[in-house]
Amino acid sequence: MTDGSGSAVGRRSVLRGGLAASGALLVPAVAAPALALSGRPAATSGVQTGDVTASGGLVWVRADRPARMVVETSATESFRHTRRFHGPTVGPGTDFTGVTRLHGLPAGEQVHYRVLLADPDDPRRTGEPVTGTFRTAPDARRGGVRFVWSGDLAGQGWGINPDIGGYRIFDAMGAVDPDFFLCSGDNIYADGPIAATQALPDGSTYRNITTAEKSKVAETLAEFRGNFRYNLLDENLRRFNARVPSVIQWDDHEVRNNWYPGEVIAASDPRYTEKSVDVLATRARRAFAEYFPVSSLRPDGAGRVYRVLRQGPLLDVFVLDMRTYRNANSPDDQAHDAQGILGREQLEWLKRELSRSRAVWKVIAADMPLGLVVPDTTEGKPNIEAVAQGDPGAPLGRELQIAELLRFVKHRGITGTVWLTADVHHTSAQHYQPSRAAFTDFTPFWEFVSGPLNAGAFPASALDGTFGAERVFVKAPTASNVSPAEGYQFFGQVDIDGHSGDMTVRLREQDGTVLFTKVLRAGLVGQ
């Protein structure tokens, strides 16, 4: 249920006292000293859940020492009746992080959980429980679905600034009471060191919390891990993680700006002693898998990022990986391109899963936009980083793969596809229409862009006409790298009504203000 602005009205029983208590415990400066001195394990980075379905999900924690992870769930915050799930023993091999898989949970219900960390040698010695809550996906249409999405956190040297309340956008996202959060990539900026201060245009100073691992570009596994730990120093994010499940994908800055497989960093870049991007990506992927609960990845990074999350009869979320399988960045004007930005195997997977989906809406979670031109000048050449290259004519380069997908969706009669993304550090809504396009063998669709969460904001990207993109709404600064202190931080909200099946997309500012609203009708082709 919502009011006229889309704000939550009693959709979820919010954990109050337990969350408040756990929030205090999670702040490193006020962690319980008696527990630490007694040698009992403590959770120093909060808890989070991920890839929640109708019957289960993943619970994540990080301990301050070796510990056995145990998760208890209950229908109430009193934990009067509990189920117990035994997790792994966490240690230095995973940077003391661990994930426990929950199963057999009731669909569409609020689940309260607490994580216990026990001494591996004496299970009776446990630290203070850390609590959280989440809602399982529904198995029926009633009640509907709500989620938020955004991306781009701690970029361009703009980190956790206590003077402006830290990552306060997470409080605004939590206030709309979403069922889950889709993070569209750039969860960290491994290539972006964070200094103690940065000068602002008005002469004031932006002040960052700093750590040793964020003082240089990440190259070692320890440095990549430190980048993920850095964000968890923010109380707003830890509080949000404890009550909103995540669906996480990655993009370039988890490794390095605009990276692609096989890339070798130029000798002229003195920041990196390790020049193989493949080596950096392997380390980054392992840290990514350690620090997020992703159902398709093992803690060592094996597996894949792309996957489909089924959220009941109203929604399937298709999480793409537009980074791992792409070809090298280039002018992107080749007449034949078998690999594209997805790779053949992922493209065929996406076609197959879209064909199988019976959900009313198929959200394609892309870590890069389709019709916005995103250049790559890191090698001093006019290369292209995303899909569109600015030529409004027939598909070329990576556009060929997208054209193949759009044609497939049309000819298979697949309805309800909506594209969500971030990456470009502004918010916008694009409508794609064959009557405006050079390539016409597709049905109209929408693409919505949001972000950044806490990073530099940038002017609006140029549009490419190949697929007939029309920018219906945009909010972006006119200057480059505008700081979070100056605004232009965004997130999006999606509501799917349980009765009509209609989808309402809202683009919001970091304080929750609604900037743009679009209602899409369920089952209507060509809107």
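Reply: Contact means heavy atoms within 4.5 Å. With that rule, and leaving out residues up to four places away in sequence, His425 touches Asp152, Gln156, Tyr189, Gly451, Pro452, Ala455, Gly456, Ala457 and Phe458. The model is predicted, so local features need pLDDT of at least 70, side-chain atom pairs count only at pLDDT 80 or more, and totals for chains, interfaces and linings use all residues. Residues are numbered from 1 along each chain as its sequence is written, and side-chain values use heavy atoms, with hydrogens and water left out.

Start with the place of His425. It sits in the loop between β19 and β20 (427-432). Helices (H or I, at least four residues) and strands (E, at least two) are DSSP runs, numbered from the N terminus. Phi of His425 is near 65°, a positive value in a residue other than glycine. His425 is also buried, with a relative accessible area of 5%. Buried means under 20% relative accessible area, exposed over 50%, and partly exposed in between (1.4 Å probe, protein chains only).

Now look at the partners. Ala455 is 30 residues from His425 in sequence, yet the two C-alpha atoms are 7.7 Å apart in space. Pro452 belongs to the loop between β21 and β22 (469-475). A cis peptide bond joins Gly451 to Pro452, with omega at about 5°.

Ala154 has a positive phi too, about 65°, although it is not a glycine. Its loop runs between β9 (145-150) and α3 (169-175). Ala154 is buried, with a relative accessible area of 3%.

Next, the aromatic rings. Rings of Phe, Tyr and Trp (its six-membered ring) pair if their centres lie within 6.5 Å; planes under 30 degrees apart count as stacked, over 60 as edge-to-face and the rest as tilted. By this rule the count comes to 25 aromatic pairs. Trp250 and Trp259 make an edge-to-face pair, 6.0 Å centre to centre with 75° between the planes. Both Trp250 and Trp259 are buried. Trp419 and Phe445 make a tilted pair, 6.3 Å centre to centre with 45° between the planes. Trp419 lies in strand β19 (residues 417-421) and Phe445 in strand β21 (residues 445-449), so this pair ties together parts that are 26 residues apart in sequence. Trp419 and Phe445 are both buried. One aromatic cluster is formed by Trp60, Phe228, Trp250, Trp259, Phe288, Tyr291 and Phe292.

Ten of the eleven residues of α4 (residues 221-231) are buried, so the helix is largely enclosed by the rest of the structure. Among the buried ones are Leu221, Phe224, Phe228 and Tyr230. Their cover includes β2 (57-63), α5 (235-241) and α6 (277-291).

Finally, the whole chain. It has eight helices and 25 strands. Its radius of gyration is 22 Å, close to the 24 Å that the globule rule gives for 527 residues, so the chain is as compact as a globular protein of that length. The radius is taken over C-alpha atoms, and the rule is 2.2 Å times the number of residues to the power 0.38. Buried residues make up 58% of the 527 residues. Of the contacts with a separation of 6 or more, 71% join residues 24 or more positions apart.
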